[in-house]
Amino acid sequence: MTEKDDDILNMLPARLKEARRAKGLSLEAVANLSGVSRSMVSQIERGESSPTISTLWNLTRALQVDFAGLLENEDGGDQIVVLKASDVPSIDNMGQGCRILILSPPEEAGGHEVYDISFAPNGVLNSKPHARGAAEQLTVLEGNVRVTSGTAIEDLSVGDTARYGADVAHSIAALDGAARVFLIVKSSGGSP
């Protein structure tokens, strides 16, 4: 174990306690929400016990905090989180002739999502309506695409950006060959 790992483990009790207090929860409330005993929660917060990964996962879910964020070493806030191209999750079985790279962190699913979508010639992504008030913003990076939102239809070229409602049936289709778009989905009211 490195010195950096030790620093992270030393910060964990204080971060858990801080998260519990920020939510205004008692030890008993966290125990009830997480399924971790009150005495174990107390021991972890005092640094007298190191939680297992599953215990830590249960606590972070109960406190509604980011699991990875509790373990990150904060060096005064100056940091860059990098998602290497080889680690970007993708969806290949959604739509026809398209590959979707998920660029946003998992905890933002259902809130503010970011995608890089590549279309084969004649590729199309048909989407059912998202939650009420959902909106999308799409920028064409390569090729030409047709965007449909409800009954509205627009053809876009490289550099064009479209904003449209995603709480109705909508689609993106490649025109005249392959295409690639950058897509932002905002699930709660208003434009992205």
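Helices α1 (3-22), α3 and α4 (53-63) each contribute at least two residues to the lining of the largest cavity. Helices are DSSP runs of H or I with at least four residues, strands are runs of E with at least two, and both are numbered from the N terminus. The model is predicted, and local features need pLDDT of at least 70, side-chain atom pairs count only at pLDDT 80 or more, and totals for chains, interfaces and linings use all residues. Residues are numbered from 1 along each chain as its sequence is written, and side-chain values use heavy atoms, with hydrogens and water left out.

The search of the whole structure returned one cavity of 30 Å³ or more. On a 1 Å grid over the protein atoms alone, a cavity is a set of points where a 1.4 Å probe fits but cannot get out, whereas a pocket is an open set with protein on both sides within 12 Å along at least five of seven lines; lining residues have an atom within 4 Å of a point. The largest cavity holds about 40 Å³ of space, where a volume is the space filled by probe spheres set on the points, and grid points are joined across faces, edges and corners. Its lining consists of Leu16, Arg20, Val30, Val41, Glu45, Leu59 and Leu63. By class, five of these residues are nonpolar, none is polar and two are charged. Ala, Val, Leu, Ile, Met, Phe, Trp, Tyr, Cys and Pro count as nonpolar, Asp, Glu, Lys and Arg as charged, and the others, Gly among them, as polar.

Helix α2 (residues 27-34) meets two other helices. Its axis comes within 8 Å of that of α3 (residues 38-45), and the two cross at roughly 115°; axes are lines fitted to C-alpha atoms, for helices over the stretch in contact, and angles run from 0 to 180 degrees between N-to-C directions. The helices α2 and α3 are therefore roughly perpendicular, a class that covers 65 to 115 degrees, with angles under 35 degrees roughly parallel, over 145 roughly antiparallel and the rest oblique. Leu27, Glu28, Val30 and Ala31 of α2 are in contact (heavy atoms within 4.5 Å) with Arg38, Val41, Ser42 and Glu45 of α3. Four residues of this contact are nonpolar, one is polar and three are charged.

The axes of α2 and α4 likewise come within 8 Å, crossing at roughly 110°, and these helices are therefore also roughly perpendicular. Val30, Leu33 and Ser34 of α2 here meet Asn58, Leu59, Ala62 and Leu63 of α4. This contact has five nonpolar, two polar and no charged residues.

The second largest pocket has a volume of about 250 Å³. Of its 16 lining residues, Met94, Glu113, Tyr115, His130 and Val185 are the closest to the centre. Strand β3 (112-127) gives the most to this lining, with five residues.
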